[in-house]
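Work through the exercises below with the model open. Try each task before you read its solution.

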Amino acid sequence: MVNLPVRLGSPAVAAPAGVPPVAPSRPLVEIEDLDFSYGVTPALKDITLGIEPRKVTALIGPSGCGKSTLLRCLNRMNDLIEGARITAGSIRIHGVDINQRDVDVIELRKRVGMVFQKSNPFPKSIRENIAYGLRLQGLRDRARLDEIVERSLRGAALWEEVKDRLGESALGLSGGQQQRLCIARTIAVEPEIILMDEPCSALDPVATAKIEELIQELRARYSIVIVTHNMQQAARCSDQTAFFYLGRLVEHAPTRDIFTNPANPQTEAYVSGRFG
Amino acid sequence: MTEPSPTSQPPDPAVFPVHKRRLRLLGLTVEDCIQAFFGGNAVISVVVLGLITFFLVREGAGFLGQNRGNLSIYRLAGLEYVDHLRRQAEDHTALTRYLSDLRLRSLNALTGPGGMELEAANARLAAFDAFASGFEDAADPLRGLVSELSEVAAAIKTRHLVIEDKKEERRQLLAERKLEEAAAVVIPEIDFAAELRPIRDSLPAYRVVNRDLAARLGTLLAALPRLAAPEFQPRVDRFIALARDFLAGFPAIERDLEAWDHTRPVSAGEAFPAFVFGRDWLTASFWQDWYGIVPLLTGSFLVALVALCLAVPLGVGAAVYVNQVASAREQRLIKPGIEFISAFPSVVLGFFGIAVLGQALRALSQQPWLAWMPGFPYSERLNILTAGCLLALIAVPTIFTLAEDALNNVPRALKEASLALGASRLQTTVRIVLPASLSGIISAVLLGLGRVIGETMVVLLCAGNRIAIPDFSQGLGFIVEPVHTMTGIIAQEMGEVVRGSIHYRALFMVGLVLFVLSLSINYSAQHIVRRYRLPSS
Ligand SMILES: Nc1ncnc2c1ncn2[C@@H]1O[C@H](COP(=O)(O)OP(=O)(O)O)[C@@H](O)[C@H]1O
Ligand SMILES: [Mg+2]
């Protein structure tokens, strides 16, 4: 099985108390001159990209161009891969460089949630899947947990379908439901940014439509970065689109411009389906 | 299936050449041969397994009949009757041992630091000594009676065995069709009732002995001298309670003797429990052989328990470390290291146990600062602990490898999902990875248990080979007692027994028990894995 990482979300680090609110013009996430390599193999070169708050940013590009790698940099999931490291440049969220030594990855990951390509609910009950992140933070109060479980499931448009079977195993849900459960699980810990790595690539069109609808609802409260292979999806749900090719950022512009009036001929070729 | 062409001409193979063209050997294609080879191997292993099972069951089954005969003669020849008395005498001996233990403790207390001289202390205990020897001597008549009757019963049994031998001889002669010689073999009949008369007639004498004993012990107990040290009072009280229990049991013994009937048949239903619940394994004895598996089963079980108590934390802990924490370099170092342990031949481990570990553990147990450990200090070098430690070494690679596999089988996606929600590595391991791999880990432990239960050489060399149920009254102290095990006894005795004898068959029964045990352990391990396997991976 090819295990394509599907990541939803964007990394957001809460501004520490006392830091003035970011000026509206300043992007939430600022990626600057980023170089990244797996061991000796470079995967990203010279990426500079700003991600706006409360917007959906789509990352597109042919397979292997480094979209997932970039996404995983935003919540430092690449820390798990031996030899993988940022060789130059920086990523700042709310102005904080997330790769500094004193940054707590655990806090970072609470602020920057992630939804994977293949839905991966825990082999626990539906309720416990949602409560997991909260329990990690030491929340024990049953009533409060139930409240957040319900709110998160409603937020992921899953509540009506599962409200009578919260105690049942999450593995009994359909693929689309499982993916929405994963989204609910992510929003339960109240992230600021949600990274989604091809969240619909394993789903049928009906389930895909539901998730896209959900993304439209979530954009009001969260900043979303979504990797997708589906051009229509990028066109339908995103505000900004970034096109990557061979580890470089080729073009970043409002989605409409990318699809109707691309500045770069490679972008044009890709979005019109001539390669990739 | 193809429609016949309207012209009904045969199809031309050159136009659409899809027909099989294969090399054939004796009508078989190469593929058939390869298939037959693998299928044949599978069939052979199943057949061999079946044959072994059949052989074990057949050899073992004969045991039940033979043991029934063994128990019948025990009753017929009056051994059972005499054993009632013997048990009484032994209970009495146990009480006198309790007294001498008490005396030793008192003496130590009296002569301890700042205490009195040895002679003065002995003088202080003179009254107690008089009591103790009076107590001991009181049972002399009983012991005399026991040894007298023992001789009678043993003689009857010997005659019976001689006759059995003759019967066997005649059977063989008949089988060889030597009819005349067979007829010449004289087989005298034993009139058991008559032979047993001296034993039965001793009942009135026994009653007198018994009443006497009860009276003397009663008088002695009433005038039990006080021990100087008050801290021994609980022990004295305990002794009095034990002695009163002993006395209270007398009428029951008399009733048993009266009701005893040598003709009561030993049912087939008695031979099996005598094996499964029998607390004695006693062979080649002058008196009576017993084939009870309990001491061996307990021995195997206790050694395995100690081994698992050590091996499970080590094996599972190492697996968790290697799988969840270690860097790739550490993994490359630790994994082969642990797996390498299983390369030691177990006889080498056993030798190491005798020469090094047993010595070292005993020396350790004699350190004063370890005296709080149960059973420490001890003097038997070879015991449950020594064997258990070595068996742990044997179980660790099995448990480690299988547990590591189980941890590895937890989908990476689950781990990533947990980390992405803000879990630490430790939280992910404890809350996600371990629960998800629990069934695999349990089955790893079970397979480790199977490995340990079946291991022979180490226990034979290091468990101490004393056939006895350990004394659990001292709490955990039992772990430094020597035991014998099921595997050990088979290895030790199988070479010396006469083929077809009851002893030989008893060993097969032990083997059968071992086989069933291992089979069920392996089965449950597989069952657990299958039942709780993660649906996705
Ligand atoms: N764990 C890894 N180790 C080494 N190389 C990797 C790893 N993951 C991805 N790569 C390489 O990095 C490049 C970018 O991969 P990825 O970010 O997954 O691309 P995308 O998501 O755009 O298809 C590819 O060439 C891929 O082979
Ligand atoms: Mg990808």
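Two exercises follow, one on the chain contact and one on the ligand site.

This is a predicted model: local features need pLDDT of at least 70, side-chain atom pairs count only at pLDDT 80 or more, and totals for chains, interfaces and linings use all residues. Residues are numbered from 1 along each chain as written, chains are lettered from A and ligands numbered from 1 in the order written, and side-chain values use heavy atoms, without hydrogens and water.

**Exercise 1. Describe the contact of chain A and chain B.**

Step 1: count residues. Chain A gives 26 residues and chain B gives 21 residues. Contact means heavy atoms within 4.5 Å.

Step 2: take the area. The two chains bury about 1,900 Å² between them, with 65% of it on carbon and sulfur atoms. Buried area is the accessible area (1.4 Å probe) that two parts lose on being put together, summed over both.

Step 3: look for charge pairs. The rule finds one salt bridge across the interface. A:R72 and B:E416 form a salt bridge through their side chains, at 3.1 Å from N to O. The term needs a side-chain nitrogen of Lys or Arg within 4 Å of a carboxyl oxygen of Asp or Glu.

Step 4: sort the chain A side. Its residues that touch chain B divide into 14 nonpolar, three polar and nine charged. Here Ala, Val, Leu, Ile, Met, Phe, Trp, Tyr, Cys and Pro count as nonpolar, Asp, Glu, Lys and Arg as charged, and the others, Gly among them, as polar.
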